[in-house]
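I opened this entry to keep track of what I looked up around the ligand. The notes follow the order in which I checked things.

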Amino acid sequence: MFRRIGVLTGGGDCPGLNAVIRAVVKSAVGHGIEVWGIKNGFGGLVENQMVELTVANVSGILPRGGTILGTTNRDNPFNYRCYQDGQLVYADMSGRALNNLTEKGIEALVVIGGDGTLRIGAEFGQLGLPVVCVPKTIDNDIPGTERTFGFDTAVSVATDALDRLHTTAESHHRVMVLEVMGRYAGWIALHSGLAGGADCILIPEIPYQTKSIYAKIMERQQQGKLFSIIVVAEGAKAVDGEWIGTKPAEGSSERIRLGGIGEKLAREIETATGIETRCTVLGHLQRGGSPTPYDRVLATRYGVAAIDCLLEGKSGYMVALQKNQIINMPLADIAGKPGNVPVDGDLVAAARAINISFGD
Ligand code: F6P
């Protein structure tokens, strides 16, 4: 039913993006559909940066990190950053983006991205363009799906870091704080903290009190455990605190760039307990590199499902994982919903049951 479709990756990169692109291209071509890649996210759609993707040029990209198409988490065609008369302004360029697609004969779009990208995808769907989205993010914070691809890889990297921090913390009798990503959700911190045997896991969903963290460290000291491991999500904050990060430029659709809570906490712990405390910020190591086998499989399933969804004539949908089955769900059903860790869920309960502190 479609002769030519487009695919784009938007938002921060994430292990498994190339695996989705590969599956989209192979599956679409198998149905006789030509695929064009839009470069650099929605910015490339406005700027008309497109390239044909064939089975030959997606060959070999399955294990590769990043995205062969390039991406950006800055460009929103509905509020597009541009210069008019030498002045920086934000303008609606969605019409120009749609014209570029029409001129190229692209009749539908597969949009691979996180919450911001999916919102833009849904807006294009409302303008009449057939759009199917694939949920991507290491943060695992998209409502309606149990997993986003990239998360498993990020958790593996963070768990490996915790294993390494354990041996050096134990040798030096130090407190080690590991700051992980995750934006306003604590999924990476919770999973890696559980997998890596952390003593405290601090997540945005459970505001912490520093005195509870000190108490946990001192309790371990009294038990003869002279080191402690703390995982803190970048979006965690104290009961009476605020998010630590860099604020975006005025007028932009960008969000606060989180980061710095780990170092702040490390200084507070050292001052309060007198125990030498160091902080490691894992940062973009969690996003780079090759996807785990789990993420490669999930990404492939999502890519194939996105084409099936388009072929079923659906638009404004997202492919999702529920009870390990791939389903299609209307983007309208997830709009405005949170994708956070449930504080009364079994993961938090399991952590509490084995005496992990959430600092509350
Ligand atoms: O959403 C993925 C993510 O890595 C977040 O965990 C993090 O807050 C953000 O992106 C960082 O974005 P950037 O790479 O633009 O600094």
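Why does the ligand lie between domain 1 and domain 2? I noted before going on that this is a predicted model.

I looked up the domains. The domain assignment gives domain 1 as 4-149 + 291-322, and domain 2 as 153-288 + 342-353. I found their C-alpha centres 32 Å apart. In the contact between them I counted 18 residues from domain 1 and 19 residues from domain 2.

I then listed the shell around the ligand. N73, T137, I138, D139, M181, G182, R183, E234, H284 and R287 surround the ligand. Domain 1 and domain 2 both give residues to this shell, so the ligand lies between them. That settles my opening question.

I sorted the shell by class. It has two nonpolar, four polar and four charged residues.

Next I checked distances to oxygen atoms of the ligand. For N73, a polar side-chain atom lies 2.9 Å from a ligand oxygen. For D139, I read 2.6 Å between a side-chain N or O atom and an oxygen of the ligand. For G182, the backbone supplies the atom: an N or O there lies 3.1 Å from a ligand oxygen.

I looked up how much of the ligand is covered. Taken alone, the ligand exposes 400 Å², and the protein buries 83% of that.

Which pocket holds the ligand? I found that the ligand sits in the largest pocket.

Technical notes. Residues are numbered from 1 along each chain as its sequence is written. This is a predicted model: local features need pLDDT of at least 70, side-chain atom pairs count only at pLDDT 80 or more; totals for chains, interfaces and linings use all residues. Side-chain values use heavy atoms; hydrogens and water are left out. A residue is near a molecule or strand if one of its heavy atoms lies within 4 Å of it. A polar contact is a pair of N or O atoms within 3.5 Å; within protein, one must be able to donate a hydrogen and the other to accept it, and residues adjacent in sequence count only if both atoms are side-chain atoms. Accessible areas come from the Shrake-Rupley method with a 1.4 Å probe; for residues, only the protein chains shown count as cover. On a 1 Å grid over the protein atoms alone, a cavity is a set of points where a 1.4 Å probe fits but cannot get out, and a pocket is an open set with protein on both sides within 12 Å along at least five of seven lines; lining residues have an atom within 4 Å of a point. A molecule sits in a cavity or pocket if more than half of its atoms lie within 2 Å of its grid points. Ala, Val, Leu, Ile, Met, Phe, Trp, Tyr, Cys and Pro count as nonpolar, Asp, Glu, Lys and Arg as charged, and the others, Gly among them, as polar. Domain bounds come from an automatic or database domain assignment. Contact means heavy atoms within 4.5 Å.
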